[in-house]
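Here's a quick tour of a protein model. Have the sequence and the 3D view open as you read.

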Amino acid sequence: QRYCQKIEKVLQSTRLPASSTKSRWALNTPNPTLADIAIYHLLGTPVSTVSGSTASFFGETEATIGNTYQKDCPLLKGCVQATSELPAIKKWERKRPDTFT
């Protein structure tokens, strides 16, 4: 839980000044950045598509992590949601070869 909250706090302090439109990307940019992809990979990638899991990285259960960032971390939640909706991400997850089993 605390790791998600720490990441959220860092994002709050490093976001670019707000433009006329509110961005869902982590750094308030008009387009996704590597930070968005990294956050999505860490928190939002389906466990079936990666080796290891977020839970093992954080030392917490996946349910705890999911509940924390979705309930208490609006920047992380928006970033994960926006990244998961990118056509290239959806396509990669459908076509990605299974290299972990």
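This is a predicted model: local features need pLDDT of at least 70, side-chain atom pairs count only at pLDDT 80 or more; totals for chains, interfaces and linings use all residues.

Residues are numbered from 1 along each chain as its sequence is written, and side-chain values use heavy atoms, with hydrogens and water left out.

Mean pLDDT (the predictor's confidence in each residue, from 0 to 100) is 75 for the protein, with 66% of residues at 70 or more. Helices here are DSSP runs of H or I, at least four residues, numbered from the N terminus. Helix α5 (residues 74-84) has the highest confidence, at 88, and helix α3 (residues 54-58) the lowest, at a mean of 54.

## The core

A nonpolar core is a set of buried Ala, Val, Leu, Ile, Met, Phe, Trp, Tyr and Cys residues joined through side-chain atoms within 4.5 Å. The largest one has 13 residues, and Leu76 and Val80 are among those touching the most other members. At least two residues come from each of α1, α2 (34-44) and α5, and α5 gives the most, with four.

Leu76 is in contact (heavy atoms within 4.5 Å) with residues including Cys4, Ile7 and Ile39, leaving out those up to four places away in sequence.

Ile7 sits in helix α1 (residues 2-14). Its relative accessible area is 26%, so Ile7 counts as partly exposed (between buried, under 20%, and exposed, over 50%, with a 1.4 Å probe and protein chains only). Ile39 is 32 residues from Ile7 in sequence, with 9.3 Å between their C-alphas.

Asp36 belongs to helix α2 and is buried, at 0% relative accessible area. Beyond four places in sequence, Asp36 touches Trp25, Ala26, Asn31, Cys79 and Thr83.
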